[in-house]
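Please look over the model shown here with an eye to how its parts meet one another. The notes after it are grouped by topic.

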Amino acid sequence: MIISVASGKGGTGKTTIAVNLALSLSNVQFLDCDVEEPNAHIFLKPEIREKFLAFIPVPEVDEAKCNACGKCREVCAYHAIAVIPPGDSGKGSVLVFPHLCHGCGACSLLCPQKAIKEVNKEIGVVEIGQARGMQFIHGKLNVGEIMSPPLIRQVEDRIDSDKTVIIDAPPGTSCPVIAAVKKSDYCILVTEPTPFGLNDLVLAVEVLRKMKILFGVVINRSDIGDDKVERFCQDNKIPILMRIPFDKEIALLYSRGIPIVQEKTEYKDRFRNMFNKIKERL
Amino acid sequence: MKQIVVISGKGGTGKTILTASFAVLANNKIMVDCDVDAADLHLLLHPHIRERHEFRSGKTARLDKKICNRCGKCIVLCRFGAISDDLTIDPISCEGCGLCSHVCPSGAITMEENIAGEWFISDTKYGPFIHAKLGIAEENSGKLVAKIRQVSKDMAEKGRFDYVIVDGPPGIGCPVIASLSGVDCALVVTEPTLSGLHDARRVIEVCAYFKVPVKMVINKYDLNIDISKEIEAYSQSANIEVAGKIRFDSSIPKTLVKGITAVEGASEAVIREIKDIWKKISI
Ligand code: SF4
Ligand code: SF4
Ligand code: SF4
Ligand code: SF4
């Protein structure tokens, strides 16, 4: 079973829920797909055993074969190629902007002169290790890089479906989240009871409905705001899986990178109960 | 004119709360919300929308099964797994690269332009506000950010505004990079947690990569004094000014619930701390 943990906005406690749920279950594989700002390793302190560089294919033009016909520029939907036409100054040439390339392969496939081959460009790293009896995998996007979805897909290529897979998804509602939650059987949305929390929850719910993924809500710091999140869930028949009240002790544990269940073992049962609730729904 | 973007790397550190307070403190400015994925600033600024614009960006493939000869070429060649074996295109997976439309021998695939969102020019009691809404499950948030940054810059130059104050997106990827272009100062709001420090460092690396000057704010600094000290030590070693610290204070979520900015309703101590920060970054 694959469970992802997401939230419309960051800082609601998504990683906390993912980490503590994982630590309360057995036979777990943990994937941190928040590749822009991976945090789970701070709490799980994995021992990394393998590292793989993550690449996307980008075009490389063989100047000798290219006649500057402009076809590659025409087919690239992302303006990642510019062609300087032939003229007085020479036979013309092609410029590639690897940062804009999505690695779709159109240019190399469609170049009439077969002048383009694809070379690997590094976008980040996938690290695999062990943490407290579970398999741990995360991706780290290189600084200055913009293509997080391909890296997320490369983390998720390593899903082991014999295990209970817990995915820490990136925040938001656009491409990176979609790439991360796409394969999940169930998604836990973490929010807090403030106007910001509600606003972002509504958006996240729309995304999951559109993707047809089952989901439920965890309300974190459940006593700091008002009851509008509760009412929204009731009105829309969204199950509330768990409420965690604000607790300075939990905030302190979090700040030091210590999982809740390590110090407050009663939470293990709460997380297990939540897991059982989810299992019943599937 | 000075352009300031408030970012955090990690979400939930109080970035939007601080930005909204600047809307009250700054004179002659334009406010901008570049967190187009999960825009929240409007919940505190209460805009009246004056202009509404469609944001068209990117394309999605459309396959006409009546013309298709079922050769299967598109299924094999699409690198994003967007075309299923029964020749249905999943619009969420489709990245709009257009490869399938170019290779289809029967011309069964056309590329259609997406309406990826909307952007607005609004009035608020604090002055003009430019914001946007990305369509659900849409891509190209970076392009939408670039669009509204451009609009706000043009407007600020024409109207001789003194400040453009931007609530930036979370993370370090394409929307953040788009929000940083041409700014005079990136204010990084962090909190004294190991994750907060970790993420602030990553986003500061991004700023360094694009040569954007950085200042820092430590929010909820008294939640863990040791880590706050660690953050200050880091900022010193990295030669980054800490523009101020804000205490952990339950009056802040209360202002949020009331839909007002922190400087209009939080405790006096918090208001003083925020005013000091604005003084330091506005010069
Ligand atoms: S399509 Fe091929 S031959 Fe034409 S400009 Fe591009 S690389 Fe050169
Ligand atoms: S692989 Fe695709 S995105 Fe990259 S340059 Fe070629 S056509 Fe453009
Ligand atoms: S446009 Fe590109 S991503 Fe979309 S279906 Fe066609 S080949 Fe796949
Ligand atoms: S390439 Fe064109 S004709 Fe062939 S299966 Fe795809 S849509 Fe049909």
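The briefing below goes through the contact between the chains, the domains of each chain, the ligand shells and the salt bridges.

This is a predicted model, in which local features need pLDDT of at least 70 and side-chain atom pairs count only at pLDDT 80 or more, whereas totals for chains, interfaces and linings use all residues. Residues are numbered from 1 along each chain as its sequence is written, chains are lettered from A and ligands numbered from 1 in the order in which they are written, and side-chain values use heavy atoms, with hydrogens and water left out.

**Chain A against chain B**

- The contact between the chains, where contact means heavy atoms within 4.5 Å, takes 60 residues from chain A and 59 residues from chain B.
- Chain A and chain B bury about 4900 Å² between them, with 60% of it on carbon and sulfur atoms; buried area here is the accessible area (1.4 Å probe) that two parts lose on being put together, summed over both.
- Of the area that chain A buries against chain B, A:Glu37, A:Val143 and A:Phe196 supply 15%, more than any other three residues.
- Three salt bridges are found across the interface of chain A and chain B, a salt bridge being a side-chain nitrogen of Lys or Arg within 4 Å of a carboxyl oxygen of Asp or Glu.
- The side chains of A:Arg153 and B:Glu95 form a salt bridge, at 3.6 Å from N to O.
- The interface of chain A and chain B also has 18 residue pairs in polar contact, both residues being at pLDDT 80 or more; a polar contact is a pair of N or O atoms within 3.5 Å, where within protein one must be able to donate a hydrogen and the other to accept it, and residues adjacent in sequence count only if both atoms are side-chain atoms.
- Among the elements that give two or more residues to the side of chain A that touches chain B are helix H2 (40–44), strand E7 (134–141) and helix H7 (195–211) of chain A, the helices and strands being DSSP runs (H or I, at least four residues, for helices; E, at least two, for strands) numbered from the N terminus.
- H7(A) gives the largest share of the side of chain A that touches chain B, namely nine residues.
- The side of chain A that touches chain B has 28 nonpolar, 18 polar and 14 charged residues, where Ala, Val, Leu, Ile, Met, Phe, Trp, Tyr, Cys and Pro count as nonpolar, Asp, Glu, Lys and Arg as charged, and the others, Gly among them, as polar.

**Domains of chain A**

- Chain A is assigned a domain 1 (2–45 + 132–281) and a domain 2 (57–121), with bounds that come from an automatic or database domain assignment.
- The centres of domain 1 of chain A and domain 2 of chain A, taken over C-alpha atoms, are separated by 41 Å, and four residues from domain 1 of chain A meet five residues from domain 2 of chain A in the contact.
- These two domains of chain A bury about 320 Å² between them, 49% of it on carbon and sulfur atoms.
- A:Glu145, A:Ile146 and A:Met147 supply 85% of the area that domain 1 of chain A buries against domain 2 of chain A, more than any other three residues.
- The count between the two domains of chain A is one salt bridge, and the side chains of A:Lys121 and A:Glu145 meet in a salt bridge at 2.9 Å, N to O.

**Domains of chain B**

- Chain B is assigned a domain 1 (2–46 + 125–282) and a domain 2 (57–115), whose C-alpha centres lie 40 Å apart.
- Four residues of domain 1 of chain B are in contact with seven residues of domain 2 of chain B, and the two domains bury about 390 Å² between them, 33% of it on carbon and sulfur atoms.
- Between domain 1 of chain B and domain 2 of chain B the count is zero salt bridges, and zero residue pairs are in polar contact with both at pLDDT 80 or more.
- The side of domain 1 of chain B that touches domain 2 of chain B has no nonpolar, one polar and three charged residues.

**Ligand shells**

- Ligand 1 is surrounded by 13 residues, the closest being A:Cys66, A:Cys69, A:Gly70, A:Cys72 and A:Cys111, where a residue counts if one of its heavy atoms lies within 4 Å.
- The shell around ligand 1 has nine nonpolar, three polar and one charged residues.
- Ligand 3 is surrounded by 13 residues, the closest being B:Cys78, B:Cys94, B:Cys97, B:Gly98 and B:Cys100, and its shell divides into 10 nonpolar, two polar and one charged.

**Salt bridges overall**

- Over all chains, the structure holds 33 salt bridges.
- The side chains of A:Lys264 and A:Asp247 meet in a salt bridge at 3.1 Å, N to O.
- A:Lys264 lies in the loop between helix H10 (260–263) and helix H11 (266–281) of chain A, and A:Asp247 in the loop between strand E11 (240–244) and H9 of chain A, so the pair ties together parts that are 17 residues apart in sequence.
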